[in-house]
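Please examine the sequence and the structure shown below before reading this report.

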Amino acid sequence: MRAAVVTEFGGPEVIRTQDWPDPVPAAGQVLVEVEVADVIFVETAIRRGQHSQFFDVTPPYVPGGSLGGRVRAVGPELSEDWIGKTVVGRAVGFGAHAELALAATDGLVKTPAGLNLETAVGVFGDGFTALMLEELAPPMQGKEVLVTASAGGMGLLLTQLAHKAGAHVVAAARGQAKLDLSKAQGADVVVDYSKPGWDKLVLDATNGADIVFEGAGGELGSTAFTVVKDGGWFSAHGAPSGGFATYDAAEAERRGITVKGIVDLRADSTTTTVTGADVLARAVAGDLVPVIDQVYDLDHVADAHTALEQRTLLGKALIRVAQSPTG
C-alpha cells in the first residue's frame, strides 16, 4: 500500500509517500480502506520528536489518528458483519495517513445516516476532546467562558458548545479572519491575542473568566491563566505555541482555581462517559459542526503539517486518501 511516512524526526520535509507493508488485523481489530483522515497540530510536534512522554513513536512511522473508510477485513474471531461497513474511528498506534489502516472495534463507529464521511472524520477527534472538556468543566450556562486558539479545529467546536450552553463567550485568536470566523461560530466578544494588552480586553469584557479553554499554550496560555476568576476553572490542553501553558500551582491552590492538563484528556487515563458514538450523534444534532478549511491528498501530508505550523488554516485540515466507491 501507499502511505505518508515520517522517515525521521524533523520538519515537514521528512514526510514522504512510500510503499509500506499492508497491516494485518489482530484480535479486536479491523482493516480499513481509508478514504479520509484527520490531521491535527499535535502530530506536527510528534513529528519533530516532542511529547515522547505521551506518545511512544519512533521513525519510520505512518502518522494520522482519526480516520474514516470501509472495512476490508477483520481480525481473528470478529464477526464478518463488519466487512463493507463505512466506519469512523482511530487508527491503532497512528497509521491513518495510508491506504490501509488498523482500527480497534471497541472505538469504531458506523457512520450515521445524514452525516457524510468527511464531516464525520472532521469532527471525530477534536469532537471527542471537546466533549471531554465539556464533561470536565462546570456547567457553562450564564458563565464567562474564554476560548483561546479559537479558530482552530477544536477551538471552534468549544466555542459552539459554550455558545449553545448559554455562556458569554470570549474568543481569542490571531488576525481578523480568525476573529471573524470565531464570531460566526458563536463568540460574543473576540480578542486578537497577537496584540499587547489582550488580557486587559478580556478582563474588560468579562471582569474575569469563570472557565478558560486554553488551546494556545506557551506565553499566551500563561497570560490566559491570569484572567481566571478566583474559584474558576482552567484547562491547559493546547501547546501550539511551544508547550502547554505554565502556571503557579501555589497561586491556583490559593485562589481555588481548578486546573486540568493534557493527562486529564486522555481516554486511556481518565474516566469519561464520552464515546465516539456520542460525538457523531452531537454532530448529527448540529451541536458540533467542524469547519474544514483545506483537504490535502496523500502526497501532500507535509503541506498540511506546514499549514498547521504556520497558522494559516481557518478551521481544520483533512487528508483525502481515496475516493468513495460511490464518488
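This is a predicted model: local features need pLDDT of at least 70, side-chain atom pairs count only at pLDDT 80 or more; totals for chains, interfaces and linings use all residues.

Residues are numbered from 1 along each chain as its sequence is written, and side-chain values use heavy atoms, with hydrogens and water left out.

Helices (H or I, at least four residues) and strands (E, at least two) are DSSP runs, numbered from the N terminus. Buried means under 20% relative accessible area, exposed over 50%, and partly exposed in between (1.4 Å probe, protein chains only).

| Residue | Location | Relative accessibility |
|---|---|---|
| Leu-313 | loop between H9 (301-309) and S15 (316-320) | 7% |
| Thr-44 | helix H1 (residues 41-47) | 0% |

Contact means heavy atoms within 4.5 Å. Leaving aside neighbours within four places in sequence, Leu-313 is in contact with several residues, including Ala-151, Lys-178 and Leu-308. The C-alpha atoms of Leu-313 and Gly-152 are 7.6 Å apart, although 161 residues separate them along the chain. Thr-44, with residues up to four places away not counted, touches His-305, Leu-308 and Glu-309.

In helix H8 (residues 276-284), the residues Gly-276, Val-279, Leu-280 and Ala-283 are buried. Seen down the axis of H8, its buried residues fall within an arc of 90°, so they line one face of the helix; the arc is that of the directions from the helix axis to the C-beta atoms. Among the elements covering these residues are strand S5 (86-90) and helix H2 (117-136). Just after H8, Gly-286 adopts a positive phi of about 90°.
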